[in-house]
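Work through the exercises below with the sequence and the 3D structure open. Each task is followed by a solution in steps.

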Amino acid sequence: MMSETPGRAVDQSGPDDPTGRLTLTVVVCAYTLDRWDDIVQSVQSLRDQQRLPDQIVLVTDHNEELLERAGRAFPDVEVIPSTERQGLSGARNTGIAAARGDVVAFLDDDAAAAPDWAGKILAGYRDPKVIGVGGWIEPQWEAGRPTWFPAEFDWVVGCTYTGLPQTPAPIRNMIGANMSLRREVFGAVGGFSHDLGRTGTLPLGCEETELCIRAGRHYQDGVILYLPDAVVRHHVGAARGTWRYFLDRCLKEGLSKAAVSRMTGPQLALASERAYLRSTIPRAVGRALRPGADRYPPSILPALVLGVVLTALGYLAGRSRQLLQPTADHDGAAAGDDPDAAVRPGRTAVGLLAPLVGAIGLWAWSLRHVDVSHLGGFGLPAQLPWSYWVSLVLLLLGFVGALRRRGRHPVWPAAYTVALLVVQRATSALVYHTLLYAWTWKHIDIIDRLLANGGHLNLSNQLGAMAPYDQWAGFFAANTALIRLLGLNTALSYAAWAPFASSLLLIAPLYLIFRCFSRDQRLVWTAVWVFFLGNWVGQDYFSPQAFGFFLYLGVLAVVFRKLARPSPPGLLSALDAGYPLGVQPAQPLDRRSRRLWILLLVPIMVTIAAAHQLTPVMLAVGLAAICLTRRYRNLWLAAIACAIPALWDFTSALDFFKLQLPSMEQTFGNLLANSQAGAGTTPTGPGPVTVSYLDRGLSGVVGLLAVVGLLRHPPLRRAGLPLLLLGVSPIPMAVANNYGGEMIFRVFMFALPGLSFFAAAALQPSPPNGRTTSWGRQVTFAPVQRLRTAALGVGVLGALMAAFYPSYYGKDAVNYFPPGEIQLVDRLYAIAPPGSQIIAATPNFPDAYRNYDKYTLWWLSDNDLAGTDELLADPAGFLTGQKQTGWIHQQNPRAYSYVIFTRAQFADVAMDGLLPAGSIQRIERSLDGSSRFKVILQNADGIVYQVLPPDDGTSAGSAP
């Protein structure tokens with residue numbers, strides 16, 4: 001890859017042109033007769049230059065037949081054999097040795113230079129500070145550019161990629177197909193490294209990067225200049241436009257970057273790649289998701305994701321050869337004392353990389369075979385092919401294998417964790433063609449309203465049930481600002497990726513928290529996996545809860561890592577029993593530093609309080625609970641955490657609390673009622689009932705494992721007390737309120753980080769009886785015990801994984817909205833004028849709350865039991881009424897009124913018991929038989945009725 005290095009200006013102006021005194025040598029390296037036609041075109045393009053090169057050198061790489069044929073075909077070209085090791089680097093070094101020009105340029109044997117290329121290259125050397133010049137490389141696709149191939153990855157085929165500057169600019173390194181350097185540079189820093197670069201068709205590289213970094217170090221004021229006007233056209237064969245080549249090249253690029261990192265250090269080797277990942281790739285994803293004519297085709301998304309993942313994996317595999325060497329532990333004992341640590345690094349890398357790459361490849365292949373058009377009672381899991389489940393098995397086996405041996409670098413379990421989230425959470429964003437969850441659409445509608453009215457927040461209670469979204473509007477206001485910053489029209493373009501993105505963000509705070517209580521990477525990463533396999537509650541979608549939960553864990557990570565006091569006396573001796581568990585010794589901060597960290601946490605806690613109702617309360621309860629421990633006792637922080645949400649609730653949200661206070665008083669202390677699911681969430685049918693048992697069973701298993709972990713590892717009862725308190729502190733909230741029937745689920749979610757740590761401890765081996773080592777020294781376990789531990793980990797994590805999928809995806813028949821349903825709703829709102837009444841069985845349809853401040857919304861499932869019986873006895877009469885007693889008369893007799901039923905509403909009623917079975921069908925039959933209702937819109941996914949006025953013309957406007 002070629003990368004921009006901003007900051008140094010290059011003078012390309014001046015009355016004189018000193019480049020006229022410079023001579024140019026062009027080196028072309030070739031290795032096979034299979035490219036003969038390309039070689040001929042490359043050499044001919046140099047013969048046709050407006051400013052002819054002073055010397056053309058064609059180097060043949062250990063191919064006698066090619067040498068003889070080229071010598072006969074190009075009498076005006078110096079054709080010489082490579083005198084160094086086989087490979088591109090050796091051939092280029094041979095060409096450098098034969099060069100006589102002041103500037104040595106390199107052109108690939110399958111690239112043809114534009115007629116003005118040589119002149120442009122030499123013009124770049126007007127400034128004496130310029131030590132190298134590179135140019136634009138345009139791909140010439142033999143079989144046409146694949147629709148899935150993103151321009152951001154054109155470096156895969158050795159061409160200029162999107163993200164490079166469009167005007168002359170300094171860069172870190174050049175791409176080999178179009179590069180040049182002053183000949184004196186090679187004399188000062190040497191030639192291309194033999195440890196990098198291609199050998200035949202093996203797609204390695206980065207030898208140009210390493211050479212340019214060496215040159216930049218030697219010439220502190222030197223500039224490598226990129227000139228987009230210096231163009232060569234690079235032939236891209238059909239084989240390079242395949243998925244196989246793309247994936248292989250990405251992996252090899254990562255390996256090559258790892259080799260460069262070992263030679264030059266990661267800071268220089270990856271400086272430009274960090275900018276590429278921060279800006280170029282996110283912009284590409286945004287353009288693929290953005291609606292409009294200038295968008296990228298969505299088909300490039302898999303290549304963007306897989307390209308980044310495989311390049312990262314290749315880098316990790318390459319670095320592991322250096323990082324995974326056995327090291328001495330804290331007591332000076334070599335890790336090699338543990339039989340598990342005696343592993344050849346190369347074999348380790350291959351053994352861990354193979355299941356990871358295989359899992360990602362199978363997952364990507366599986367997505368092409370998922371049909372979501374007929375989801376049943378078990379949701380998406382019933383539609384996933386066998387290859388998807390095999391990919392999960394590979395991930396699980398590879399992850400457990402990555403944890404079996406000591407001395408192994410934590411990048412491997414981290415890589416497997418990221419891959420787990422890709423397979424687990426990114427699947428829905430790729431297989432569904434529309435946005436999931438009615439709640440997500442509701443949040444989109446709130447943001448759209450803010451965008452429409454200039455971001456104005458209505459903090460009154462005029463909008464009834466929607467008031468909380470205005471009074472806790474931090475999440476929505478932040479997304480409104482983000483949309484404007486990105487130049488988007490709506491959050492729809494990125495909301496589908498929220499489950500994956502929000503879960504990915506949680507890895508860092510979870511890891512930091514768990515590392516405060518154990519130095520054992522096996523325990524820490526197993527706890528992270530237990531968290532993600534147990535987090536079935538589904539609050540990771542585009543929501544204030546997901547946003548607040550990330551900040552919640554971030555605050556806890558800071559508290560545990562930065563605000564800890566010295567360890568209590570006797571704590572370390574209590575752990576001195578062969579356990580790799582325990583609190584890390586840390587230098588306690590002085591009082592001033594502690595106050596500074598508390599001040600830094602205050603804005604975060606204010607953000608949480610402004611974004612969500614429940615999260616700041618859970619944070620206050622958790623911080624108060626850990627104050628019971630001496631090590632994390634901080635009464636000031638707990639008091640601030642309690643004061644911030646209280647202040648917000650009694651100012652901005654005071655009107656809401658006045659309305660909610662009576663119901664909160666009624667439910668306070670009623671644990672049985674508060675622990676029940678809310679109204680309308682009673683599963684019906686074999687699929688939903690089974691799913692409900694599985695998700696509750698999954699919660700119970702995690703809790704049971706946590707108990708086992710405490711019993712198996714007595715030191716955890718003291719060392720992990722803060723996490724234990726964090727795990728149990730949310731439980732009293734179930735006594736206080738039912739939170740719309742969701743409190744029991746939220747309690748589990750907030751308790752899950754603490755429970756996960758102890759559940760992971762249940763899967764770790766106990767030290768052998770009588771074995772005692774100093775604190776932090778891991779004991780050696782017998783092979784049978786290691787095998788038994790690995791089998792236990794595979795079995796338990798596999799069971800959690802099997803239960804997670806139906807628990808998390810089992811209600812997708814309710815949560816998925818096919819395109820036809822969305823089109824139906826769009827047409828309804830295009831017809832219904834502001835002030836209309838929208839009636840539906842449930843709010844479970846897309847855009848149910850579009851412009852919710854301009855419409856009256858009525859959901860039939862909101863009726864009490866008596867109202868439901870009256871509705872089903874005579875649906876048409878109940879809606880219109882006789883003698884102006886119907887609901888429509890009572891609300892607004894002159895308004896237009898519409899009734900909409902959709903596929904997702906049918907599923908919602910059928911699976912959640914929101915209305916008696918067959919209710920919507922009964923209502924439809926009644927409306928079809930009434931002269932007051934007319935079908936105005938209908939397709940395979942829904943139907944819309946308009947309420948017609950009665951004969952006396954006193955009710956319901958006529959059709960607009």
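**Exercise 1: a serine in a loop**

The side chain of S82 reaches the backbone nitrogen of E84 at 3.5 Å. A polar contact is a pair of N or O atoms within 3.5 Å; within protein, one must be able to donate a hydrogen and the other to accept it, and residues adjacent in sequence count only if both atoms are side-chain atoms.

The model is predicted: local features need pLDDT of at least 70, side-chain atom pairs count only at pLDDT 80 or more, and totals for chains, interfaces and linings use all residues. Numbering starts from 1 along each chain as its sequence is written, and side-chain values use heavy atoms, with hydrogens and water left out.

Task: Determine where S82 is placed, whether S82 is buried or exposed, and which residues S82 touches.

Solution:
- Step 1. S82 sits in the loop between β4 (78-81) and α3 (88-98). Helices (H or I, at least four residues) and strands (E, at least two) are DSSP runs, numbered from the N terminus.
- Step 2. S82 is buried, because its relative accessible area is 8%. Buried means under 20% relative accessible area, exposed over 50%, and partly exposed in between (1.4 Å probe, protein chains only).
- Step 3. Not counting residues up to four places away in sequence, S82 touches V59, T60, D61, H62, G90, A91 and T94. Contact means heavy atoms within 4.5 Å.

**Exercise 2: a serine in a strand**

Task: Locate S180, classify its accessibility, and find the partners of its side chain.

Solution:
- Step 1. Strand β9 (residues 178-182) contains S180.
- Step 2. S180 counts as buried because its relative accessibility is 0%.
- Step 3. The S180 side chain makes a polar contact with the side chain of Y125 (2.8 Å), and also reaches the backbone oxygen of V133 at 2.8 Å.
- Step 4. Leaving aside neighbours within four places in sequence, the residues in contact with S180 include V103, I121, Y125, V133 and M174.

**Exercise 3: the nonpolar cores**

Task: Which residues have the most contacts inside the largest nonpolar core?

Solution:
- Step 1. A nonpolar core is a set of buried Ala, Val, Leu, Ile, Met, Phe, Trp, Tyr and Cys residues joined through side-chain atoms within 4.5 Å.
- Step 2. The largest one has 220 residues, and W117, F153, W529, F560 and L797 have the most contacts inside it.
- Step 3. Helix α31 (residues 743-761) gives the most to this core, with 14 residues.
- Step 4. A second, separate core of 38 residues includes L450, Y469, Y855 and V944.
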